[in-house]
Amino acid sequence: MSDGLLRGVFALWWLVGLQGLAALVLGGALLVAPEGTAAFFWVAIGLYLFLYGIGMLFNTLSQWRRHQPLPRWQWLGGLLSALGGLVAITNPMLGFYLTATVLSYVVGLAVIISGLTHFARMRQGDEGGTLRLAWSPLLTGVFKLGFGVLIMARPLGASVFLLQFLGAWAVLGGLALLWWAYSLRPVAL
């Protein structure tokens with residue numbers, strides 16, 4: 001890599017800093033108000049879906065006015081996208097609760113199945129050919145079963161915990177990116 005190209009890459013230290021700052025703000029928002037932050041993103045997604053659906057409907061209408069064949073699937077997709085966007089904009093917590101509940105049940109079921117697979121490995125053979133009980137797979141299986149049942153019993157609580165975990169992860173990542181940007185800055189100047 002040439003010296004000029006390397007200097008140009010290091011000159012973008014501020015871009016790394018902006019990414020770190022954005023991750024820090026998003027992580028802080030998820031830690032302080034996880035449900036409100038999720039609702040904000042649902043409104044943003046709803047606005048995108050609404051505008052995308054309206055664009056598809058106008059495109060379909062312009063094709064119809066030019067006497068081209070009416071693409072019914074495009075019309076239906078635009079209508080459903082616009083209506084789904086309106087629902088997400090007017091009631092963002094509904095989207096959060098539905099997504100959180102379904103995701104928690106899927107994760108809880110996966111953890112339970114993973115826990116059950118540990119019970120198959122409980123019996124291990126030693127050098128003499130005798131079978132003995134292995135405690136590590138037993139304890140891991142019991143822990144995973146309990147954790148999966150807990151997730152499925154309290155899906156919204158598990159989702160809020162997951163959002164806060166992601167928030168903490170984003171804060172740590174943002175701090176790391178800010179440190180990296182700071183360490184790149186003297187090289188650039």
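Predicted model: local features only at pLDDT ≥ 70, side-chain atom pairs only at ≥ 80, totals over all residues.
The protein chain has 189 residues, and 26% of them count as buried. Its secondary structure comprises seven helices and two strands. In sequence order the pattern is α-α-α-α-α-β-β-α-α. Contacts between residues at least 6 apart in sequence were examined for their separation. Of these contacts, 72% join residues at least 24 apart.

Helix 3 covers residues 34–65. At 1.5 Å a residue, its 32 residues should span 46 Å. The end C-alpha atoms of helix 3 are 47 Å apart, which agrees with that expectation. Nine positions can be named as buried here: Pro 34, Thr 37, Ala 38, Ala 39, Gly 46, Gly 53, Met 56, Thr 60 and Gln 63. After helix 3 comes His 67, which has a positive phi near 60°.

Helix 6 runs through residues 135–153 and has 19 residues. The distance from its first C-alpha to its last is 27 Å, close to the 27 Å expected at 1.5 Å a residue. Pro 137, Leu 138, Gly 141, Gly 148 and Ile 151 are the buried residues of helix 6. Viewed down the helix axis, these buried residues fall within an arc of 165°, so they line one face of helix 6. The other side of helix 6 carries exposed residues. These are Trp 135, Ser 136, Leu 139, Phe 143, Leu 150 and Ala 153.

The largest nonpolar core has six residues. Its members are Leu 30, Ala 38, Phe 96, Ala 100, Val 160 and Leu 163. Two helices, helix 5 (92–119) and helix 7 (155–188), each supply at least two residues of this core. Ala 38 is also among the buried residues of helix 3. Val 160 is in contact with Pro 34, Glu 35 and Phe 96, leaving aside neighbours within four places in sequence.

The largest pocket has a volume of about 480 Å³. The elements giving two or more residues to its lining are helix 3, helix 5, helix 6 and helix 7. Helix 7 gives the most to the pocket lining, with seven residues.

Beyond residues up to four places away in sequence, Ser 159 touches Ala 100 and Ser 104. Trp 180 has a relative accessibility of 44%. This value falls between the cut-offs of 20% and 50%, so Trp 180 counts as partly exposed. Trp 180 and Gly 20 are 160 residues apart in sequence. In space, their C-alpha atoms are 8.9 Å apart.

Key: Residues numbered from 1 in each chain as written. Heavy atoms only, no water. Core = buried A, V, L, I, M, F, W, Y, C linked by side-chain atoms within 4.5 Å. Buried < 20%, exposed > 50% of the residue type's maximum accessible area, 1.4 Å probe, protein only. Helix = DSSP H or I, 4+ residues; strand = E, 2+ residues; numbered from the N terminus. Contact = heavy atoms within 4.5 Å. Expected span 1.5 Å × (residues − 1). Arc of directions from axis to C-beta. 1 Å grid on protein atoms, 1.4 Å probe; cavity = no way out; pocket = protein on both sides within 12 Å on 5 of 7 lines; lining within 4 Å. Points joined across faces, edges and corners; volume = space filled by probe spheres on them.
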